[in-house]
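Biologist: I'd like to learn how to read a protein model, one feature at a time. Can you walk me through it?

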Amino acid sequence: MASKYGFIDKSGKVVVEPQFDRVEDFSEGFARVEKDGKWGYIDKNGKVVIEPQFDEVGDYFSEGLAEVEKDGEYGFIDKNGKVVIEPQFDDAGDFSEGFAKVKKDGKFGYIDKN
């Protein structure tokens, strides 16, 4: 049987029942989690706020957005899980000072949130 992961608080009390295949650290109030080969995010109460549906998600939100991968292409979602930049890039980085590095057709450039 495969191990499942959750979270405990500082006193050792279980706050998120072990139910995920992988979990990562919290950042900006969210932790990325993997379930059945798909990634999403939970909040500190263990509520799934963005259903595991992506092939990969960024380690954290940066400037309110996180990169996601779906079907081999990268885009960005907001903290509500709404896709704000459709997956269309071959690779993408985090937003910093209003811009994110992206790669498309072998070339690199920068995009803003629009």
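This is a predicted model: local features need pLDDT of at least 70, side-chain atom pairs count only at pLDDT 80 or more; totals for chains, interfaces and linings use all residues.

Biologist: Okay, and which side chain does E56 meet in a salt bridge?

Modeller: The general idea goes like this: side chains of opposite charge can pair when their charged atoms come close. Here E56 pairs with R32, at 2.3 Å from N to O.

Biologist: Is R32 buried or exposed?

Modeller: R32 counts as buried, because its relative accessibility is 7% and the cut-off for buried is under 20%.

Biologist: How many salt bridges are there in total?

Modeller: The count comes to eight. One of them joins K38 and D55, with N and O 2.5 Å apart. That pair links distant parts of the chain, with K38 in strand β5 and D55 in the loop between β6 and β7, 17 residues apart. K38 has 31% relative accessibility and D55 has 26%, so both count as partly exposed. Some salt bridges also share partners, and in that way R22, E24, R32, E56 and D59 are joined into one network.

Biologist: What does K4 form a salt bridge with?

Modeller: With D21, where the closest N and O atoms are 2.5 Å apart. K4 is in the segment before β1 (5-8), while D21 is in the loop between β2 (14-20) and β3 (22-27), so parts 17 residues apart in sequence get tied together. K4 is partly exposed at 38%, and D21 is partly exposed at 23%.

Biologist: Now a charged residue without such a partner. What is the nearest side chain of opposite charge to D78, and how far away is it?

Modeller: That's K82, at 5.6 Å. A salt bridge needs the atoms within 4 Å, so that cut-off matters here. D78 is buried yet has no salt bridge. D78 belongs to strand β9 (residues 73-78). A polar atom of the D78 side chain does lie 2.9 Å from the backbone nitrogen of N80. Leaving out residues up to four places away in sequence, D78 touches I50, F61, G64, L65 and V84.

Biologist: F61 is on that list. Where does F61 sit?

Modeller: In the loop between β7 (56-57) and β8 (65-70). F61 counts as buried because its relative accessibility is 1%. Beyond its neighbours within four places in sequence, F61 is in contact with several residues, including E28, F30, Y41, I50 and I77. Sequence distance and space distance can be read side by side, too: F61 and D94 are 33 residues apart in sequence, and 7.9 Å apart in space from C-alpha to C-alpha.

Biologist: Let's move on to sheets. In what order do the strands of the open sheet come?

Modeller: The order is β11-β12-β13, three strands with antiparallel pairing. β11 (91-96) and β13 (107-111) stand at the edges with a single partner strand each, so one side of each has no neighbour in the sheet. Ignoring direction, neighbouring strands are turned by 20° against each other on average. You can follow the pairing bridge by bridge. β11 and β12 are joined over four bridges, and D91 has K103 as its bridge partner in β12. β12 (residues 99-104) and β13 pair over five bridges, with I111 in β13 as the partner of A100.

Biologist: And what about the backbone angle phi?

Modeller: Most residues other than glycine have a negative phi. In this model, D71 has a positive phi of about 55° although it is not a glycine. D71 lies in the loop between β8 and β9 and is exposed, with a relative accessible area of 70%. D105, in the loop between β12 and β13, has a positive phi near 50°. D105 counts as exposed, at 66% relative accessibility.

Biologist: Which residue takes a positive phi in the hairpin of β11 and β12?

Modeller: E97, with phi near 55°; that hairpin has two residues between its strands. In the hairpin of β5 and β6, with four residues between the strands, G46 takes a positive phi near 90°. Those strands, β5 (residues 38-43) and β6 (residues 48-54), run antiparallel and are joined by three bridges, and W39 has F54 as its bridge partner in β6.

Technical notes. Residues are numbered from 1 along each chain as its sequence is written. Side-chain values use heavy atoms; hydrogens and water are left out. Buried means under 20% relative accessible area, exposed over 50%, partly exposed in between (1.4 Å probe, protein chains only). Lys and Arg count as positive and Asp and Glu as negative; His and the chain ends are not counted. A polar contact is a pair of N or O atoms within 3.5 Å; within protein, one must be able to donate a hydrogen and the other to accept it, and residues adjacent in sequence count only if both atoms are side-chain atoms. Contact means heavy atoms within 4.5 Å. Two strands pair if DSSP finds at least two bridges between them. Axes are lines fitted to C-alpha atoms, for helices over the stretch in contact, and angles run from 0 to 180 degrees between N-to-C directions.
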